[in-house]
Amino acid sequence: MQQTLSPRHISQRSIIVTLSVLAMGIIAIFLPMMVRFQDAGDYVVHNDIAAGVLNDPVDFFRNVPHFLYHLTVALTDVMLPADINLAAAWVMVACYVGLGMLIFWELWSRTGISKGWRGLALLSVVTISLLLVAPIFFFTPENYYFGYFTPHVYHNPTMIMMKPFAVLLFFAALYLYGRKGNLAAWWAIPYALLTGVCLLAKPNFIIAFVPALGL
């Protein structure tokens with residue numbers, strides 16, 4: 001007798017395939033970009049700092065307040081047979097993959113889009129679009145920064161490192177503060193850890209997020 005798959009199994013398989021293809025698409029888009037950016041922007045300074053992590057860790061932790069990027073790049077450089085710039089590029093790509101997975105999951109869980117192949121493909125396209133969206137600079141060809149809200153700052157590695165943790169913290173706060181009933185006390189532990197990691201990546205989001213939560 002031929003075994004048939006239930007809709008639940010088909011859905012799980014579809015999600016796994018979709019996430020795999022989405023991850024490969026994100027890598028294909030952002031790996032060349034991140035490799036190119038290692039010689040420009042803020043990467044030069046931050047990668048020089050990352051290269052000195054293992055040489056003098058005491059001095060490093062004394063002088064670098066948000067060190068998650070530098071420490072992650074240094075450890076990746078030790079584990080992979082590559083130079084510090086390639087290690088940094090892969091760390092950045094991993095951040096983009098993580099951010100893409102979070103965006104896709106929130107879209108998948110919160111929208112009423114069909115969970116068939118067409119719906120999953122549409123969510124994947126929307127996810128990629130949200131990872132790339134930028135202001136239209138057509139009318140200001142000499143100005144790409146002032147007066148614009150730029151959701152993606154490709155030249156700043158610590159900002160990219162912060163994004164997946166900031167998005168995850170945002171939705172965690174949405175869950176915590178949006179509930180009517182009381183939550184178990186143990187929820188404070190992962191929430192505090194996530195907040196701490198977000199601060200170690202870059203404190204910019206927390207600086208803006210805390211007043212917003214108070215309001």
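The following questions and answers examine how terms are assigned in this predicted model.

Residues are numbered from 1 along each chain as its sequence is written. Because the model is predicted, local features need pLDDT of at least 70 and side-chain atom pairs count only at pLDDT 80 or more, whereas totals for chains, interfaces and linings use all residues; side-chain values use heavy atoms, without hydrogens and water.

Q: What makes up the secondary structure of the protein?
A: The protein has nine helices and zero strands. Helices (H or I, at least four residues) and strands (E, at least two) are DSSP runs, numbered from the N terminus. Read along the sequence, the pattern is α-α-α-α-α-α-α-α-α.

Q: How many disulfides does a search of the whole structure find?
A: The search finds zero disulfides. A disulfide is a pair of cysteine sulfur atoms within 2.5 Å. For cysteine 95, the nearest cysteine sulfur is that of cysteine 198, 12 Å away, and cysteine 95 is in no disulfide. Cysteine 198 is likewise in no disulfide, its nearest cysteine sulfur being that of cysteine 95.

Q: Why is cysteine 95 called buried?
A: Buried means under 20% relative accessible area, exposed over 50%, and partly exposed in between (1.4 Å probe, protein chains only). Cysteine 95 has 8% relative accessibility and therefore counts as buried. Cysteine 198, with a relative accessible area of 0%, is buried too.

Q: What makes serine 14 buried, and which residues is serine 14 in contact with?
A: Serine 14 lies in helix 1, residues 7-37. Its relative accessibility is 4%, so serine 14 counts as buried. Leaving aside neighbours within four places in sequence, serine 14 is in contact (heavy atoms within 4.5 Å) with Trp117 and Leu120.

Q: Which residues of helix 2 are buried, and why are they said to be on the same side?
A: In helix 2 (residues 43-51), Tyr43, His46, Asn47 and Ala50 are buried. They cover an arc of only 100° around the axis, and therefore they are on the same side of helix 2. The arc is that of the directions from the helix axis to the C-beta atoms. The face turned away from the buried side of helix 2 carries the exposed residues Val45 and Asp48.

Q: Is isoleucine 136 buried or exposed?
A: Isoleucine 136 counts as exposed because its relative accessibility is 68%. Isoleucine 136 lies in the loop between helix 6 (117-132) and helix 7 (157-178).

Q: Why is leucine 174 called partly exposed?
A: Leucine 174 has a relative accessible area of 43%, and so is partly exposed. Leucine 174 is placed in helix 7. From leucine 174 to isoleucine 160, the C-alpha distance is 22 Å and the separation in sequence is 14 residues.

Q: How many side chains count as positive and negative, and where do the centres of the two sets lie?
A: The protein has 11 positive and 9 negative side chains, with the centres of the two sets 26 Å apart. Lys and Arg count as positive and Asp and Glu as negative, while His and the chain ends are not counted. The place of a charge is taken as NZ of Lys, CZ of Arg, CG of Asp or CD of Glu.

Q: What share of the residues of the protein counts as buried?
A: Of the 215 residues, 35% count as buried.
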